[in-house]
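Work through the exercises below with the model open beside the text. Each task is followed by a solution in steps.

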Amino acid sequence: MAHLQPPPTSPPAHCFVKRTFHKPVYCHHCTDLLWGIIGQGYTCEVCNFVVHDKCMKTVVSPCSSVAPTLIKTPVAHCWSEPLHLRRRHCNVCRKKLDDTWAIKCEVCEYNVHVECEDFTVPNCKDCATFVPEKNLSQVVQQHHWREGNLPANSKCVVDKKTCWTGECLAGLRCEWCGYTVHAMCADKVPADCTFGLLEPIMLPPTAVSIPRTEVPMEAIIGVQTRRKDTLSPRSISEEFPSGDYKVRESDELSRDRTKDRDEKDEEVVKVFDGNSSLRRRMFRLVTVSRAASVTEFLTAAMRAFHVPQENTKTYLTDAYSAEETELTDPLPVSKLTRRDGKRPAVFLRYREKDNDEGCIRVYPSRLGGEVVMDHTVLPVTSSTCVTDIIAHSLHKFGITNDNPDDYRLVEVMLDKGVSERVMECNERPWDLLKAVARDSIRQMEMTRFYLQLVKDPHGPSIALFVGSLPPNLSQRQYENILADIVGKAGYKYSSIGPIYYEYGSMVITYEDSDLAVRAFYTLRESCYDDKNLLVMLLPNIQPQMIPEGVQPLLVFVNVKSGGCQGLELITSFRKLLNPYQVFDLDNGGPLPGLYVFRQVKHYKILVCGGDGTIGWVLQCLDNVGQDSECQHPACAIVPLGTGNDLARVLRWGPGYNGGEDPINLLKDVIDAEDIRLDRWTVVFHQDEKVEEKQMQTNSTGMSRRGMYIAHGQDSNRRRCISKEQVHHSIHAGSTSEDNTQIFVMNNYFGIGIEAELCLDFHNAREENPNKFNSRLHNKGVYVKMGLRKMVSRKLCKDLHKEIRLEVDGRAVDLPPVEGVIILNILSWGSGANPWGPEKDDQFNKPNHWDGHLEVVGVTGIVHLGQIQSGLRSAIRIAQGGHIRIKLNSELPVQVDGEPWNQAPGEVVVLKSALKATMLKKTSKSKLRRRNTEPSMVANEQTKLEPIRGDPASTSHPL
Ligand SMILES: [Zn+2]
Ligand SMILES: [Zn+2]
Ligand SMILES: [Zn+2]
Ligand SMILES: [Zn+2]
Ligand SMILES: [Zn+2]
Ligand SMILES: [Zn+2]
């Protein structure tokens, strides 16, 4: 586990110098103002840490020059695209990010200037730490402290005082449990992290493994799909080195210091860190005094590259001299070769001659068992080879019984993310390090070695999810398609399945990680029928590693719903939870997530999206249910976009508007109670005689063929089905006869005027989707269409004469109506209640779990408007569990908001065997909201003791 905090014995390694500040500055250690007029305090020349005289001795935050060396397990961050971050401070140079380009990590709270990217510390959350040798009682989760940018008003869990400040980078927050502390209080927090309030729904990292491959986390959790050309190197101009924040610092210093410094005494020199720095034109500008000695110059140069090497091993050379001569005292600066119009330049070099021995650091990589050491330092010479080092470090780590052949040594470079390479037995690490130093001394510093088991903790199998193939082919056909793509290249998988025929997707499994990775990249670049294939490398969840009482939350976010809110939510949830439990529906829909969770005995689902998205997830659950341990995971909702009738009924509200802190959404999910949702099967059976004609005009589009159209293969068709709705069309494909279609209905089913309006609205949206983004606008359009309908009504006049209704086997006489709505839930058309609240002797009080549907009638467009605005109820017609309707003519119909014109025939609505358990928000969460602050820590103060003792307790102190 990466640790920000250095061991107590290790110095934070800042280079503090006394400074006079001309504007108010705050101590990064105690967050108080630095008082006085001159010489108020100290600042670090490397990382800009500002500190009181009195606080200097107790500083615990490490300098960015040594921070990377303090990491035990390096984990690369998932960088966002460059953006502007307000009111935040850079985790490298500690300055404000406000108006400059910055990047942030998508899964943890690490934010830096784009220019500071070279010096980032790869200490992201370690989200998949499963070790097969350890069982549940042996694993320990540690806090993962992140410095600075705490939520406003954060309080220290140790002394209950404010540890938040907007003035500088200060305070620590655990990326897992959300505890916030003063830097100096962190060692007083109990060492075990229990995930705080989110423990009941957290997928513990110790239960997750990802295969040991080069595929980055971004690709696994699907962040990279929205990033453009991140692989192309940033261009750096010769005259404005964007990789140089020293420039900005010296500008600022010069403004601060104009009076007390004679500029003529100093010179700005370009420093290159070895050959790679020259190749990439990445230099730093260093301001040195003309009187400086070689040692002073060298120290300044090394600081510029955040290199903590002892300077006896390094030296400077004159970059523009013919022979690249080493700088010597006295007055090395004035002896530098000068070229017209260019700054003098020096190389930072590593002394290779007479340097045949040194020390290397070897770290244990997920060795489990009894290894307690962080790392070991081994003396090496030019002749020490990898085999020697493996034997030596096994001894140091106290692993004496194992065969050294079961282990291997991995070279890990922490510079610019994390790159790993397995070393050959006869390689010589010291020569390798010297070669790295020739290229860059910083890279040498950032290179270390890990001892790991040859056997991957993830196990030998690697599962790839493959999607976007045509639905409803045979297994043989799918195998042929895959064989054409990966088989020819020699990357044949070892097994296939499950296959989700209705969705054109499947899981293929490899027993060889190299093959799997090559197949992954090959498939990702491949198309079938002009569609890019979707490929995901899937993590494993070890169900035995999930503590009793914990029900991990499987989060699905429809990022396309509700404008940019989906995107903001997915980022928040990745940071609050384990990113491997958060799935972007844009990336293969609900199936990859449901597959990954298939062996988890108890889990819950959170769907962020519209009613259509919920239907989509429920339908996929129906599909995978038999193969999963957890048959009916309960579903909670964060409503996005418009409609959201099911969300309203279950008290999740009309739509998330970004106002609520995402942590509160998760707290509501923890508190929510299970409730059953009846589900219904709607069977449309078209009359034989009109079928032929119907197929030609294709006005319903609900044939087997229609489903293909839904996947975008027919451009002639008017009605194009959006992703949210594909599930309905897909279901049509699962019928046995071509003139029968079966749908699952969760909310309501309408015939007549209301469905027609819905259809008009739908078509308008399809023609001009951009106009329909806002909830308010949508409602406006709906009303306008209603008015138009008053003038040009056609189909639904005298609907009661065109249909015949039968409820529970009894014919029901219809009053004169233009529309009939059959309700499972008591919310329809974005929150209206057509049944109405009145008590009635004739009918039972309706709900969505009693196995009954409510049938109501609408007399016309005016009546419909009145229902929608809550002025009137519809006409109550019947209640029952089995409904049969005969359609004498073509009529508009809608199921759960998806409309079409249905040819004459018969419709039967009957109770589905499929069940759904939903989560209903409890009213107590509303109460709680009023009494507490949004911050996690405000609630945290009273309960520092671990809650693991009774995780099953439903009443967490909130
Ligand atoms: Zn202080
Ligand atoms: Zn520092
Ligand atoms: Zn910075
Ligand atoms: Zn990160
Ligand atoms: Zn923690
Ligand atoms: Zn404190």
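**Exercise 1.** Are H10 and H14 roughly parallel or roughly perpendicular to each other?

This is a predicted model, in which local features need pLDDT of at least 70, side-chain atom pairs count only at pLDDT 80 or more, and totals for chains, interfaces and linings use all residues. Residues are numbered from 1 along each chain as its sequence is written, while chains are lettered from A and ligands numbered from 1 in the order in which they are written.

Step 1. Locate helix H10 at residues 565-576 and helix H14 at residues 662-671. Helices (H or I, at least four residues) and strands (E, at least two) are DSSP runs, numbered from the N terminus.

Step 2. The two helices pack at an angle of about 70 degrees, with axes 10 Å apart. Axes are lines fitted to C-alpha atoms, for helices over the stretch in contact, and angles run from 0 to 180 degrees between N-to-C directions.

Step 3. Angles of 65 to 115 degrees count as roughly perpendicular, under 35 as roughly parallel, over 145 as roughly antiparallel and the rest as oblique. H10 and H14 are therefore roughly perpendicular.

Step 4. H10 contributes Leu569, Ser572, Phe573 and Leu576 to the contact, and H14 contributes Pro662, Ile663 and Leu666. Contact means C-beta atoms, placed from the backbone, within 7 Å.

**Exercise 2.** Describe the largest nonpolar core.

Step 1. A nonpolar core is a set of buried Ala, Val, Leu, Ile, Met, Phe, Trp, Tyr and Cys residues joined through C-beta atoms within 7 Å. Buried means 20 or more other C-beta atoms within 10 Å of the residue's own.

Step 2. The largest core has 200 residues, and Leu464 and Cys635 have the most contacts inside it. Helix H12 (residues 611-624) gives the most to this core, with six residues.

Step 3. Leaving out residues up to four places away in sequence, Cys635 touches Ile605, Val607, Ile614, Val617, Ala916, Met918 and Leu919.

Step 4. A second, separate core has 44 residues, including Ala301 and Leu451.

Key
A residue is buried if 20 or more other C-beta atoms lie within 10 Å of its own, exposed if 12 or fewer, and partly exposed in between; C-beta atoms are placed from the backbone. Two residues are in contact if their C-beta atoms, placed from the backbone, lie within 7 Å.
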